[in-house]
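Here are my notes for you to read alongside the model. Have the sequence open as you go through the points.

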Amino acid sequence: MDDLEQRIRAHAHRIWIEEGRPSGREDAHWEMARELVAIEDNQRNATKPNPVATEGEEAIHPEPVEPIEAVESLGDLPGRTDQAERPDYPQRKRKRAR
């Protein structure tokens with residue numbers, strides 16, 4: 001039995017005990033346990049260091065993570081930017097008229 005299956009089995013067993021040890025819900029407990037293990041693994045992967053950066057260096061991306069157009073559309077909903085405050089995202093550079 002590999003580590004992944006052991007982790008799923010342990011979660012499924014804990015869920016079974018927490019639900020009062022019902023019979024006939026093995027498949028549901030196993031699915032819930034698989035989801036919990038996937039969430040744990042994704043969280044662990046999300047907190048790993050950036051693979052693009054070298055030791056002691058931050059990765060500098062040439063573009064924002066989201067395009068400006070996606071962030072600008074957020075102003076359509078009520079929020080801080082609708083109350084005469086500066087937006088929290090960078091503005092598109094405007095070309096100067098010559």
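**Notes on the fold and its contacts**

1. R7 is found in helix α1 (helices are DSSP runs of H or I with at least four residues, strands are runs of E with at least two, and both are numbered from the N terminus). A word on provenance: this is a predicted model, where local features need pLDDT of at least 70, side-chain atom pairs count only at pLDDT 80 or more, and totals for chains, interfaces and linings use all residues. Residues are numbered from 1 along each chain as its sequence is written, and side-chain values use heavy atoms, with hydrogens and water left out.

2. Is R7 buried or exposed? R7 counts as buried because its relative accessible area is 19%. The cut-offs here are under 20% relative accessible area for buried, over 50% for exposed, and partly exposed in between (1.4 Å probe, protein chains only). If you skip the neighbours within four places in sequence, R7 is in contact with V37, E40, D41 and R44, contact being heavy atoms within 4.5 Å.

3. One of those contacts is charged: R7 forms a salt bridge with E40, with the closest N and O atoms 3.1 Å apart. The pair links distant parts of the chain, since R7 is in helix α1 and E40 is in helix α2 (residues 26–46), 33 residues apart. By salt bridge I mean a side-chain nitrogen of Lys or Arg within 4 Å of a carboxyl oxygen of Asp or Glu. E40 counts as partly exposed because its relative accessibility is 31%. As a reminder, side chains of opposite charge can pair when their charged atoms come close.

4. How many salt bridges does the structure hold? There are 6 salt bridges. Another one joins the side chains of R9 and E5 (3.1 Å, N to O). Both R9 and E5 lie in helix α1 (residues 3–18), 4 residues apart, about one turn of the helix. R9 counts as partly exposed because its relative accessibility is 40%, and E5 counts as partly exposed because its value is 29%.

5. R25 pairs with E19 in a salt bridge, the closest N and O atoms being 3.2 Å apart. R25 is partly exposed because its relative accessible area is 34%, and E19 counts as partly exposed at 36% relative accessibility. Back to R7 for a moment: salt bridges that share partners join R7, E40 and D41 into one network.

6. Now the nonpolar side of things. The largest nonpolar core has 5 residues in all: I8, A12, I15, A33 and V37. Helices α1 and α2 each supply at least two residues of this core, and the largest share, 3 residues, comes from α1. A nonpolar core is a set of buried Ala, Val, Leu, Ile, Met, Phe, Trp, Tyr and Cys residues joined through side-chain atoms within 4.5 Å. As for I8, leaving aside its neighbours within four places in sequence, I8 is in contact with W30, A33, R34 and V37.

7. Helix α2 has 21 residues and reaches 30 Å from its first C-alpha to its last, close to the 30 Å expected at 1.5 Å a residue (the expected span is 1.5 Å times one less than the number of residues). Which residues of α2 are buried? The buried residues of α2 are H29, A33 and V37. They cover an arc of only 70 degrees around the axis, so they sit on the same side of α2; the arc is that of the directions from the helix axis to the C-beta atoms. These buried residues of α2 pack against α1. On the face of α2 turned away from its buried side you'll find the exposed residues D27, E35, I39, N42 and A46.

8. One backbone spot to check by eye is R21. Phi of R21 is near 55 degrees, a positive value in a residue other than glycine. R21 is in the loop between α1 and α2, and R21 counts as exposed because its relative accessible area is 52%.

9. Finally, the whole chain. The protein chain comes to 3 helices and 0 strands, in the pattern α-α-α along the sequence. Of its 98 residues, 11% count as buried. Among contacts between residues at least 6 apart in sequence, 30% join residues at least 24 apart. The accessible surface of the protein chain is about 9000 Å², with 52% of that belonging to carbon and sulfur atoms; accessible areas come from the Shrake-Rupley method with a 1.4 Å probe, and for residues only the protein chains shown count as cover.
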